[in-house]
Amino acid sequence: MAALLDHALLDPHQGREAVIRCCDEARHFGFAGVCVASRWLEVARERLPLSGTGSGSGRDRGSGQSPRLISVVGFPFGAVPQPIKQAEAEAAIEAGADELDVVPDFGALADGNSGAVLDELAAICELDRPVKVILEVGKLSPENLELLVEIAIDAGALFLKSGSGFGPPVSAAQVQTLRDLARGRAAVSASGGISDLWHALDLVEAGATRLGTSRSLALMEAWRSRG
C-alpha cells in the first residue's frame, strides 16, 4: 500500500513545519512520493534524499528508495498564461522536483483550441521529468475527456491523474474509464477524497497505480490493522 501513495500537502494554509513533517512521514512509511506546491520544493528537497527521476508506476519501489518529490504546476485550476506555467515547471525542476503534476488549460479546451493545450503540455513534458496531467474527470464531458486524454498522451505524459481534489471523491468507474481511454499508453493516478482503505483498494483494482491523498497516514493505519 505504501508504495502506491503520493503523500500530498497542498493546503495553502500550511507552512514549513507541516512540509517537513510530511516529508518525514513519507520517508518513514516508504511512500511513492511527496506532493507539494512549488513554493515548498526547496524545503522538501532538503528533507528528502535524491530519488532519481525514473518513471515507474509506484509498484516497483523498494524499501531503500526515497519518496519522489512531486510539484504541482498551474494548480489547482490551470488558468494561468502558458509562459507562467512553463516558468513554474522549469523552476520546479531547478528546485529539485522529480515529477510534475500539471493542470492543463481547461479554458482553451472549452474553446476548442486543442492545439494550445497540446503545445503547453508538450513543452512541459520536454523538460525530462515524468508528468501527470490532471484531468478533472468529473467535470469534463465524455467528448472533452477523451480528447484531453489523447492530447496528454500525445504530449508525452506518463500518467493520467483523475483530478485535483477540488471536487467529489474519485470513483473506481472514473479510474476504469481512464484506463480504457489510455489503452496501456499511460498509467492512471487516482486522487480526490481517498480516505477509506476499501475505497483505495477499489481504485487499485480498477487500474490506478498511484493514489494521491492527504490521508496517507489513515490509510496506512487501516492497512496495518486489517483483519
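These questions and answers go through a predicted model, from its pockets to its strands, helices and loops.

Residues are numbered from 1 along each chain as its sequence is written. Local features need pLDDT of at least 70 and side-chain atom pairs count only at pLDDT 80 or more, while totals for chains, interfaces and linings use all residues, and side-chain values use heavy atoms, with hydrogens and water left out.

Trainee: What is the volume of the largest pocket?

Mentor: A pocket is an open set of points on a 1 Å grid over the protein atoms alone, where a 1.4 Å probe fits, with protein on both sides within 12 Å along at least five of seven lines. Grid points are joined across faces, edges and corners, and a volume is the space filled by probe spheres set on the points. For the largest pocket this gives about 350 Å³.

Trainee: Which residues that line the largest pocket are the closest to its centre?

Mentor: Lining residues have an atom within 4 Å of a point. The largest pocket has 20 of them, divided into 8 nonpolar, 9 polar and 3 charged. Here Ala, Val, Leu, Ile, Met, Phe, Trp, Tyr, Cys and Pro count as nonpolar, Asp, Glu, Lys and Arg as charged, and the others, Gly among them, as polar. The closest to the centre are Ala-8, Leu-10, Ser-164, Gly-165 and Ser-214.

Trainee: How many nonpolar residues are in the lining of the second largest pocket?

Mentor: The second largest pocket has a volume of about 180 Å³. Its lining has 13 residues, and Leu-10, Pro-12, Ala-37, Arg-39 and Trp-40 are the closest to its centre. By class there are 2 polar and 3 charged residues, and the nonpolar ones number 8.

Trainee: Is Lys-132 buried or exposed?

Mentor: Lys-132 is in strand 5, residues 131–134; strands (E, at least two residues) and helices (H or I, at least four) are DSSP runs numbered from the N terminus. Buried means under 20% relative accessible area, exposed over 50%, and partly exposed in between, with a 1.4 Å probe and protein chains only. Leaving aside neighbours within four places in sequence, Lys-132 has contacts (heavy atoms within 4.5 Å) with residues including Asp-6, Glu-99, Asp-101 and Arg-210. Because its relative accessibility is 0%, Lys-132 counts as buried.

Trainee: Which residue in strand 4 does Ile-70 stand opposite?

Mentor: Two strands pair if DSSP finds at least two bridges between them. Strand 3 and strand 4 pair in the parallel sense over 4 bridges. In strand 4, Glu-99 and Asp-101 point one way and Leu-100 and Val-102 the other, and all are buried. The residue opposite Ile-70 is Glu-99.

Trainee: Which residue caps the N-terminal end of helix 8?

Mentor: Helix 8 covers residues 197–206, and its buried residues include Leu-197, His-199 and Leu-203. These buried residues pack against helix 7, strand 7, strand 8 and helix 9. Just after the helix, Gly-207 takes a positive phi of about 130°. At the N-terminal end, a side-chain oxygen lies 2.9 Å from the backbone nitrogen of Trp-198, and the capping residue is Asp-196.

Trainee: What is the relative accessible area of Ala-89?

Mentor: Ala-89 is in helix 3, residues 82–94. Leaving aside neighbours within four places in sequence, it is in contact with Val-73, Leu-100, Ile-124 and Leu-127. Ala-89 is buried, and the value is 0%.

Trainee: What is the omega of the peptide bond from Phe-75 to Pro-76?

Mentor: Most peptide bonds are trans. Pro-76 is in the loop between strand 3 and helix 3. The bond from Phe-75 to Pro-76 is cis, with omega near 5°.

Trainee: What is the phi of Asp-128?

Mentor: Most residues other than glycine have a negative phi. Asp-128 is in the loop between helix 5 and strand 5, and counts as exposed at 60% relative accessibility. Its phi is positive, near 65°.

Notes. A polar contact is a pair of N or O atoms within 3.5 Å; within protein, one must be able to donate a hydrogen and the other to accept it, and residues adjacent in sequence count only if both atoms are side-chain atoms.
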